[in-house]
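Try each task before reading its solution.

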Amino acid sequence: MMNTIKPLKSASSLLMLLLVLAGCSVAPIYQKAEVTTPAAYKEVQANSNWKEAQPSEEVARGDWWKIFADDSLNEMESQAMAANQNLKAAAARLKQSRALRQDARAGLLPQVNAGLGANRGRAAPASQGLPENARMPTSTTYNAQLGASYELDLFGRVASSIDAATADTQKNEALFQSVQLALQADVAQAYFLLRELDAEQALYAATVELRSKTLKLVQTRFNEGDISELDLARAKAELATAQSESLGLARSRAVAEHALAVLLGKTPAEFNFLPRPLSRIVVNVPAGLPSALLERRPDIAAAERSMAAANARTGVARSAFFPRLDITGSAGYASASLGDLLNWSSRTFLLGPLLSMPLFDGGRRQASVDRAGAVYEEDVANYRQTVLNAFREVEDNLADLRILRDQTQAQDNAVQAAERAAKLSHVQYREGSVSYLNVIDADRTVLQQQRIAAQLDGARARSAVSLIRALGGGWDSRSPAVATIKHVQVANAE
């Protein structure tokens, strides 16, 4: 009885030891890298005109473009989300990552396989201690087996692999969100660029019409002998110049329209955007606190998850220095006759653990650990650089909107003054008090100032989109994560 108890105690002790080791992990404890976060954005602190503003309650976080209240833009964003090929490619990469995570999780379960086969062979006479010329019979063996294997995760190799695959999946989820946000922003910016070009073309259409009327007036005065042919030639040159520049804008518009079509997942032949000049757009974008940026930006989330994956892979590399225990077993039938294969007397089985550990590998395991540590250090640096770039992009766009607001006001004054000067020059020319050069110069100035004003309106709309993108997308003030954030107004109502 005592002899029976001792082996049982030894087996129990060994089992308890293995279970304890299975709970051990040599992976380093993961801690998110520290980054310096300012208390407030520089542009907010430097501008005393910023006011607190609340985001639109009805605009969901994902549908940030609805803040522009433009049905055409809303429809195009929906089309892009459904048909853009880059977004579909990003979704496919996410599926790949999820499959790899499932592959890693399979290491937690036993691997079971079945086999059915036949072996035919003949032993060498020398192996049986027989003379060299001895005749050896040829035999056939039939096998039917069911096998299983399982790695007991003594030092966390499997668990670390799962942690790394999970972090990779989370990184790819964030990258998918980043691609989606970039697509949404690209569609909005291409849309506003197209409308900006339409506004400039409308200016040129009005200019061509005005210069055509002016040419008729000059032609009449020339026919009556009031002016020289020089003024007539100048009027014709100005009309032709305006027509040429209008055609140059048409070329730029065609390229912009084709680019927008591709973003929507269409060929240029399938897409036609009717002219719609851009009017001035003023929106309030809540910038929030800098600390919220770390949670909102999908590229920052992806960089942080990349660090976590690298940290887990360091654990996988370290586990190679410790023993690996594989438990394998098989059971089945083996017979020299196919008819006797499934007889009870033909049954076979094999069961046994295998504890293995390489003793010398020329430094390969240490190299793997060193490489994993270096990858982690690289990901830490990339994470911090991503955060720095995020702060820069937000500050850039805050500055853009602030300066563009003031520049637009100054440009409006310039347009008004140029239009007044052009009106006076036309009156004075008809009265004969100034030459036609004054009229040409005044008309050119009006067109130039109006074009700059249209371009500034487009720049403000695109900068608003860029700021939303830099902030990580839309917002929802009802969300507990952002409910306590103070928002700033980045564009004032005119």
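**Exercise 1. Locate F349 and decide whether this residue is buried or exposed.**

Start with the secondary structure of this predicted model: F349 sits in strand β4, which covers residues 347–356. Next, take its relative accessible area, which is 69%. Exposed means over 50%, so F349 counts as exposed.

**Exercise 2. Classify Q449 in the same way, then list what it touches.**

Q449 belongs to helix α10. Its relative accessibility is 15%. The cut-off for buried is under 20%, and therefore Q449 is buried. Leaving out residues up to four places away in sequence, the contacts of Q449 are Q411, A414, V415 and A418.

**Exercise 3. Describe the largest nonpolar core: how many residues does it have, and which elements contribute two or more?**

Begin with a general expectation: in soluble globular proteins, nonpolar side chains tend to be buried together. Here the largest nonpolar core holds 61 residues, and Y41, W64, F68 and F192 have the most contacts inside it. Two or more residues each come from α3 (71–83), α4 (85–105), α5 (157–223), α6 (229–263), α8 (298–319), α9 (364–431) and α10 (436–470). The top contributor is α5, with 14 residues.

**Exercise 4. Find the second core and name some of its members.**

Definitions and conventions. Residues are numbered from 1 along each chain as its sequence is written. This is a predicted model: local features need pLDDT of at least 70, side-chain atom pairs count only at pLDDT 80 or more; totals for chains, interfaces and linings use all residues. Side-chain values use heavy atoms; hydrogens and water are left out. A nonpolar core is a set of buried Ala, Val, Leu, Ile, Met, Phe, Trp, Tyr and Cys residues joined through side-chain atoms within 4.5 Å. Buried means under 20% relative accessible area, exposed over 50%, partly exposed in between (1.4 Å probe, protein chains only). Helices (H or I, at least four residues) and strands (E, at least two) are DSSP runs, numbered from the N terminus. Contact means heavy atoms within 4.5 Å.
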